[in-house]
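Dear colleague,

Please find the structure handed over below. My notes on what was found in it follow.

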2 protein chains.
Amino acid sequence: MPNRSLRENMNGIEWIVDARGCSPAMLRDVEHLQRLFEKIISALQLRPIGETQWHQFPNSAGITGLCLLSESHLACHTFPEFGSLCLNLFCCVPRERWAFETELSAAFGATSVSVRAVERLYGASHEAILQSSTSAHNLSRESQGG
Amino acid sequence: MPNRSLRENMNGIEWIVDARGCSPAMLRDVEHLQRLFEKIISALQLRPIGETQWHQFPNSAGITGLCLLSESHLACHTFPEFGSLCLNLFCCVPRERWAFETELSAAFGATSVSVRAVERLYGASHEAILQSSTSAHNLSRESQGG
């Protein structure tokens, strides 16, 4: 979590992403989920610490992935029985907004993607939630880089 | 993630908790954070899978903890330089609301605690955010148990 002293008035951002209508087979495929994480990590220049923890549940074959980042964390949970995928990306250092909608549609066949951007209140300033509506595309602070 | 077929119209809940005014020494103490996780896990009857991943950052001594649960995940990040602690508890199975405010004040000396409860949209129904205001205490669905 670098340069925090330089941005005392800034807070972090967390993207809360819920995708539906996904292909159940893809939601049961650990390697497919690993590729999703790699793509997000590479696109946003995130820095994983240690190995991502992956677990596949025996009954539903749903998968959980937890990745510890220098920038906070990336998590996913899949629910093949509902065709759903839930993703969290918490960045204590600002990052550009990833194209969750397009990417999850392309990779998992998602038919609807809800993206909520929530400001995390850890810095010196106390600002309200940046945004809690679905599929919001333009957050000015997201383009500042890490 | 048990009994999901029984609750197709239900979704999960995620608590997003940001505490400020905490004791920096406590935010640098891994064992103190581990006790926090144990307390939450025990109180809400959560079921960890594998070992919680802990990491302490070299400069700030801030700590990240990620715990994979049968019920989804529990995560924390501390920022001793700001006296702040950020917590995520994602439960795909409903759980009672924990007393984040009182507990974090008692354990870390937090002077303000923001608690936002966000519904995760993975089930058959598509409901809006349950609640995104701070310090909300009464969510009727939280008392249904897992």
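**Helix 3 of chain A and the contact between the chains**

In chain A, the buried residues of helix 3 pack against strand 1 (12–20), helix 1 (24–27), helix 2 (30–43), strand 5 (84–91) and strand 6 (112–120). Buried means under 20% relative accessible area, exposed over 50%, and partly exposed in between (1.4 Å probe, protein chains only). Contact means heavy atoms within 4.5 Å, and helices (H or I, at least four residues) and strands (E, at least two) are DSSP runs numbered from the N terminus.

Please note that this is a predicted model, in which local features need pLDDT of at least 70 and side-chain atom pairs count only at pLDDT 80 or more, while totals for chains, interfaces and linings use all residues. Residues are numbered from 1 along each chain as its sequence is written, chains are lettered from A and ligands numbered from 1 in the order in which they are written, and side-chain values use heavy atoms, with hydrogens and water left out.

The buried residues of helix 3 (residues 100–108) of chain A are Phe100(A), Glu101(A), Leu104(A) and Phe108(A). They lie on the same side of the helix because they cover an arc of only 95 degrees around its axis, taken from the directions from the axis to the C-beta atoms. Thr102(A) and Ala106(A) are exposed on the face turned away from that buried side. Just after the helix, Gly109(A) has a positive phi of about 75 degrees.

Two salt bridges of this region deserve mention; the term denotes a side-chain nitrogen of Lys or Arg within 4 Å of a carboxyl oxygen of Asp or Glu. Glu101(A) pairs with Arg97(A) (3.0 Å, N to O). Glu103(A) meets Lys39(A) (2.9 Å, N to O), which links helix 3 with helix 2 of chain A across 64 residues.

Turning to the two chains, the contact takes 49 residues from chain B and 49 residues from chain A. Together they bury about 4,100 Å², 59% of it on carbon and sulfur atoms; this is the accessible area (1.4 Å probe) lost on being put together, summed over both. There are 2 salt bridges between chain B and chain A. Arg120(B) pairs with Asp18(A) (2.7 Å, N to O), and Asp18(B) with Arg120(A) (2.7 Å, N to O). The latter pair joins two chains, since Asp18(B) lies in strand 1 of chain B and Arg120(A) in strand 6 of chain A. Both Asp18(B) and Arg120(A) are buried.

Yours sincerely

Conventions:
Buried area is the accessible area (1.4 Å probe) that two parts lose on being put together, summed over both.
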